[in-house]
Amino acid sequence: MSPPRRLIAHLDMDAFYASCELLRYPELRGRPVVIGGGRRHQPETLPDGSRRYARLGDYAGRGVITTATYEARALGIHSAMGLMKAAARAPDAVLLPTDFELYRRCSRAFKAAVAELAPVIEDRGIDEIYIDLTQVPGAQDPVGHDPLGGVRALAREIKNNVQRTTGLSCSIGVTPNKLLSKIASELDKPDGLTVLTMDDLPTRIWPLPVRRVNGIGPKAGAKLAALGVNTIGELSRCEPLWLIERFGRSYGAWLHAAAWGRDDRPVVTESEPVSISRETTFEHDLHAVRDKARLSTLFTDLCVRVAEDLHRKGYTGRTVGIKLRYEDFKTVTRDLTLPQPTADAAEIRHAAGLCLKRVDLRRRLRLLGVRVANLQRADAPLAPSVKRGARPSRALVPQPASVLATGHGGLPPMAAERDLFEEFDPPAPGGARASIGGVAGR
């Protein structure tokens, strides 16, 4: 008896953040709406109960768009576009602040709705999942003259259950594997349902640009274009050896397989995160000295939020890192590995502060981020020589001058770290950056 055919679905929520906001502000349906503002762009409730919304054309700052409604996209607006640039294209669009707590609630709700019908789910982020429908009862059954009628009906039922539970629409692609399903879910957005077999490659997949393949990024796409390869069909006609010679053995072979829709990756129901991070982009560039009070507050808040994320997800981590983006868009990172894993906000704040001492703070900043990596489960046993709750060795983790001078004493740990940014007087031009405990930064 032959094994059942693989039926893998990719579900992608439609304009997810914007759609969540439309649930809260239904009067905005049909209007161009952009998500990406700050707290000051919160809608104002008027005495008559109506709302006054921020206008995109009135925006001034350095923020970027998180997402936009389809009406805004029709005006040339898209995710990651600068808000000022978007304002020039659609000045009358509504601007709303991001509300990630709302988006996380809606994310949990739609995933639970899917799990009621198909429990084998791979979580790929806040607004997308893979679903293995192969063994779901009825998925393999034909309906009338449609051999894929069973899985088509199941996918439609999943869409309907998500709509009933959350009020949100989604698009689903069903194919024999994850690679093709990711492409298929985009073909009929919004509120789409696309079911494809390998026989559909020539008509539905090969005419598409190569960048539609998840895994072909801007650089590979540009290199393929320079070689005269623009569509997936053109890529499929390239000899494997030709691709390997130009892209390397592994990636070249993968490009050929991807163009022919070959992908045997399983749907992974459990996976461990590589790192947990938080970052913020400033609406106006900030300077480490002139804006030190604000930066110090933002820096502490990022560390606290990372610590809260670690506790909520049940992880600790040994490597603490920072990410800075300067006004010229150059990005630098620095990491510090601790003797023992932590999820303590003060320890993360302290280690991240040490990382800051190894970057150039004479230039203005547009982004600041904090991450914890090298994760392990919080209930994992500690090394025998370290007691639970013990702080990292002071000999292994060097201290900022203010902490060495005062100690933690009777101060709460976070208070002792409160002025880390204030310590960072810019180094003299041409001077060497501090070396932290022999730990190399990236």
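Me: Two strands pair if DSSP finds at least two bridges between them. Helices (H or I, at least four residues) and strands (E, at least two) are DSSP runs, numbered from the N terminus. In β9, which residue is the bridge partner of L11?

Reply: Heads-up: this is a predicted model, where local features need pLDDT of at least 70, side-chain atom pairs count only at pLDDT 80 or more, and totals for chains, interfaces and linings use all residues. Residues are numbered from 1 along each chain as its sequence is written, and side-chain values use heavy atoms, with hydrogens and water left out. Strands β1 (residues 8-13) and β9 (residues 128-132) run antiparallel, joined by 5 bridges. Within β9, the partner of L11 is I129.

Me: In what order do the 5 strands of the open sheet come?

Reply: Start from the edges: β8 (121-123) and β11 (193-195) each pair on one side only. The pairing is mixed, and the order reads β8-β9-β1-β10-β11.

Me: What angle does the direction of helix α5 make with that of β10?

Reply: Two helices are worth looking at here. Helix α4 (residues 100-115) lies across β1, β8 and β9, and runs at about 10 degrees to β9. Helix α5 (residues 149-166) packs on the sheet, where contact (heavy atoms within 4.5 Å) is made with β1, β9, β10 (170-175) and β11. The angle between the directions of α5 and β10 is about 160 degrees.

Me: How many of the 9 residues of helix α1 are buried?

Reply: Buried means under 20% relative accessible area, exposed over 50%, and partly exposed in between (1.4 Å probe, protein chains only). Cover for the buried residues of α1 comes from elements including β1, β2 (33-37), β6 (67-68), β7 (94-97) and α4. Those residues are F16, Y17, A18, S19, C20, E21 and L22. Helix α1 (residues 16-24) is largely enclosed by the rest of the structure, because its buried residues number 7.

Me: The side chain of T67 makes a polar contact with the side chain of which residue?

Reply: T67 sits in strand β6 and counts as buried, because its relative accessibility is 7%. Leaving aside neighbours within four places in sequence, T67 touches A15, Y17, A18, V34, I35, R73 and S79. A polar contact is a pair of N or O atoms within 3.5 Å; within protein, one must be able to donate a hydrogen and the other to accept it, and residues adjacent in sequence count only if both atoms are side-chain atoms. At 3.2 Å, the side-chain partner of T67 is R73.

Me: How far is the side chain of S185 from the side chain of H10 in their polar contact?

Reply: S185 belongs to the loop between α6 (178-184) and β11, and it is buried because its relative accessible area is 2%. Its contacts, leaving aside neighbours within four places in sequence, are H10, D12, S171, I172 and G173. The S185 side chain also reaches the backbone oxygen of K182 at 3.0 Å. For the polar contact between the side chains of S185 and H10, the distance is 2.8 Å.

Me: What is the angle between the planes of Y25 and Y53?

Reply: Rings of Phe, Tyr and Trp (its six-membered ring) pair if their centres lie within 6.5 Å; planes under 30 degrees apart count as stacked, over 60 as edge-to-face and the rest as tilted. Y25 lies in the loop between α1 and β2, and Y53 in the loop between β4 (51-52) and β5 (54-55), 28 residues apart. Both Y25 and Y53 are buried. Their rings pair edge-to-face at 5.7 Å centre to centre, with a plane angle of 80 degrees.

Me: Are Y251 and W254 stacked or edge-to-face?

Reply: Both lie in helix α11 (residues 249-259), 3 residues apart, about one turn of the helix. Y251 is partly exposed because its relative accessibility is 25%, and W254 is partly exposed because its relative accessible area is 28%. The ring centres are 5.5 Å apart with 20 degrees between the planes, and the pair is stacked.

Me: What percentage of the 442 residues in the chain is buried?

Reply: Zooming out, the chain has 15 helices and 15 strands. Of its contacts with a separation of 6 or more, 69% come from residues 24 or more positions apart. The buried share of the chain is 45%.

How values were computed. Axes are lines fitted to C-alpha atoms, for helices over the stretch in contact, and angles run from 0 to 180 degrees between N-to-C directions.
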